[in-house]
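Student: Could we go through this model together? I would like to begin with the overall fold and then turn to the packing.

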Amino acid sequence: MRKLESSPNDISIKELQDKVDDWIKTYGVRYFSELTNTAILMEEVGELARIMSRTYGDQSFKNGDKTVDHLADELSDVLWVLVCIANQTGIDLTDALERNFRKKTERDSKRHINNDKLK
């Protein structure tokens, strides 16, 4: 996996959550309901899946389909809605991700290294 380089525009997860919250309160009036945002998330994941299956899978693009150029946009759409859901349900994503790393490390510290399918 390639390491992403830092840039002056890097923001922390907390800053991302705050920035999305500020945008919603300034331009979005209010958050959509949690159920609506979950449906929007599924829609965005579907759009991402379409690009992935046509770029890296066996399907080809149809006329008018979004191309790989839209991959970054679709990934950020998914991230945006995930952050919205976290904000409106009171989840601190920094804390949640740190706990998730600990869980995965404890559970999988040897699992993947010892998986013959990955060698």
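Student: How many helices and strands does the protein chain have?

Tutor: The protein chain has 4 helices and 0 strands, where helices (H or I, at least four residues) and strands (E, at least two) are DSSP runs numbered from the N terminus. This is a predicted model, in which local features need pLDDT of at least 70, side-chain atom pairs count only at pLDDT 80 or more, and totals for chains, interfaces and linings use all residues. Residues are numbered from 1 along each chain as its sequence is written, and side-chain values use heavy atoms, with hydrogens and water left out.

Student: What radius of gyration does the protein chain have?

Tutor: The value is 18 Å, whereas a compact globule of 119 residues would have one near 14 Å. The radius is taken over C-alpha atoms, and the globule rule is 2.2 Å times the number of residues to the power 0.38. Along the principal axes, the C-alpha atoms fill a box of roughly 50 × 45 × 35 Å.

Student: On to packing. At what angle do α1 and α3 cross?

Tutor: The axes of α1 (residues 13-28) and α3 (residues 71-88) cross at roughly 85° and come within 10 Å. Axes are lines fitted to C-alpha atoms, for helices over the stretch in contact, and angles run from 0 to 180 degrees between N-to-C directions. The two helices are therefore roughly perpendicular to each other, a term that covers 65 to 115 degrees.

Student: Which residues make that contact?

Tutor: From α1 they are L16, Q17, V20, D21, W23 and I24, and from α3 they are L79, W80, V83, C84, A86 and N87; contact means heavy atoms within 4.5 Å.

Student: And where do α1 and α4 meet?

Tutor: I13, K14 and Q17 in α1 meet L93, T94 and L97 in α4. The axes of α1 and α4 come within 8 Å and cross at roughly 145°.

Student: Changing topic, which residues line the second largest pocket?

Tutor: I13, L16, L79, V83, L93, L97 and F101 line this pocket. A pocket is an open set of points on a 1 Å grid over the protein atoms alone where a 1.4 Å probe fits, with protein on both sides within 12 Å along at least five of seven lines, and lining residues have an atom within 4 Å of a point.

Student: Which helix gives the largest share of that lining?

Tutor: That is α4, with 3 residues, while α1, α3 and α4 each supply at least two.

Note on methods
Angles under 35 degrees count as roughly parallel, over 145 as roughly antiparallel, 65 to 115 as roughly perpendicular and the rest as oblique.
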